[in-house]
Amino acid sequence: MNHPGFKPGFKDWMAQQQNHAEAALEKALPVSTVVPEILHEAMRYTALGGGKRVRPLLAYAAGELSGAKADTLNAVACALECIHVYSLVHDDMPCMDDDNLRRGKPTVHVKYDEATALLVGDALQTQAFDLLSTPALFADPARQLRAVHVLARASGSRGMAGGQAIDLASVGHQLTREELEHMHLHKTGALIRAAVLLGALAGDVDEPTLEALDRYAKQIGLLFQVVDDVLDAVADTATLGKTAGKDAANHKPTYVSILGLAESKALANEMAQTAIDALANLGEKAERLRELAHYIVSRQF
Ligand code: GRG
């Protein structure tokens, strides 16, 4: 895929939406002077002031297409980021990936302790559903309930948590490309897919549009992981803000270990194009989603 750079306005749009997500999270998370102070402080420590906010960006872009209201999208963006951050906090714990650096800062169990990290993850997960189930958040209660269901399914054992279980069980084993794809469709892909669907459900789109967005989102979820595997192999720790080279060090099956670097990069370009092709009938309103596909395939961290 050719990367002609971004149309004027995309980088500004992205910064603006990242600021919206940050401000909404800042407001949604309990302040650290409220009991239990340490738990609230640690939730804010890990959720605020870092990360690319890819899931919120996808939800905002899909929300522009569906005509969702800004306040509704901010809550959706927060809910997605709360689930994502919870997964990072738990993933970094000694019982899982055992990492000490995330978003350029010490991980929660290092900065605080393991019990706090466990509770931060638990609390962020329920915070997500607290936000998304806020009465009258969506104009249509049936769509809101559907959104809650989509997020629950994407996060649990048939989504992200299930993908993580498969990942943990696969360390040191050879996986086929199909098995790797199955794992990542769940571990990374499910929440990314949910981000697009939630942005769409927050407004008003018909079922064919939702199906097209789902095809886009499924590709973007996998693409995100292929790029993550490439970056883990080629980028350095300071750039990534997390420990680089961990996949190889931990004998984890990745796209790079199965396909090699060059083929993984080619696959990423192919996936970005397939994702963009899925939006063919959605016109100008889908432009931010197309730009996000370009951003995700060309990201450096
Ligand atoms: C613990 C239930 C549970 C699940 C963990 C997502 C996950 C599952 C673990 C994270 C491990 C990992 C490195 C996955 C690869 C893709 C990924 C989700 C990377 C981190 O997401 P980014 O790049 O991070 O969006 P930022 O910090 O930018 O938000």
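Select P36 to begin: P36 sits in the loop between α1 and α2 (37-47). Helices here are DSSP runs of H or I with at least four residues, and strands are runs of E with at least two, numbered from the N terminus. The model is predicted, so local features need pLDDT of at least 70 and side-chain atom pairs count only at pLDDT 80 or more, while totals for chains, interfaces and linings use all residues. Residues are numbered from 1 along each chain as its sequence is written, and side-chain values use heavy atoms, with hydrogens and water left out.

The peptide bond joining V35 and P36 is cis, with omega about -5°.

Next, select R53, in the loop between α2 and α3 (54-66). R53 is a residue other than glycine, yet its phi is positive, near 60°.

Now show α1 (residues 10-28) together with α4 (residues 70-91). Their axes come within 9 Å and cross at roughly 80°; axes are lines fitted to C-alpha atoms, for helices over the stretch in contact, and angles run from 0 to 180 degrees between N-to-C directions. The angle therefore makes α1 roughly perpendicular to α4, a term for angles of 65 to 115 degrees. To see the contact (heavy atoms within 4.5 Å), select H20, A21, A24, L25 and A28 in α1 and N74, C78, E81 and C82 in α4. By class, this contact of α1 with α4 has 6 nonpolar, 2 polar and 1 charged residues. Nonpolar covers Ala, Val, Leu, Ile, Met, Phe, Trp, Tyr, Cys and Pro; charged covers Asp, Glu, Lys and Arg; the others, Gly among them, are polar.

F10, W13 and M14 of α1 meet R288, E291, L292 and Y295 of α16. The classes in the contact of α1 with α16 are 5 nonpolar, no polar and 2 charged residues.

Last, select the ligand. Which residues are closest to the ligand? They are K52, R55, H84, D91 and R103, out of 19 that surround it, counted when a heavy atom lies within 4 Å.

- R55, polar side-chain atom: 2.8 Å
- H84, side-chain N or O atom: 2.8 Å
- R103, side-chain N or O atom: 2.7 Å

Of the 700 Å² of accessible area that the ligand has on its own, the protein covers 92% (Shrake-Rupley method, 1.4 Å probe).

Technical notes: Angles under 35 degrees count as roughly parallel, over 145 as roughly antiparallel, 65 to 115 as roughly perpendicular and the rest as oblique. A polar contact is a pair of N or O atoms within 3.5 Å; within protein, one must be able to donate a hydrogen and the other to accept it, and residues adjacent in sequence count only if both atoms are side-chain atoms.
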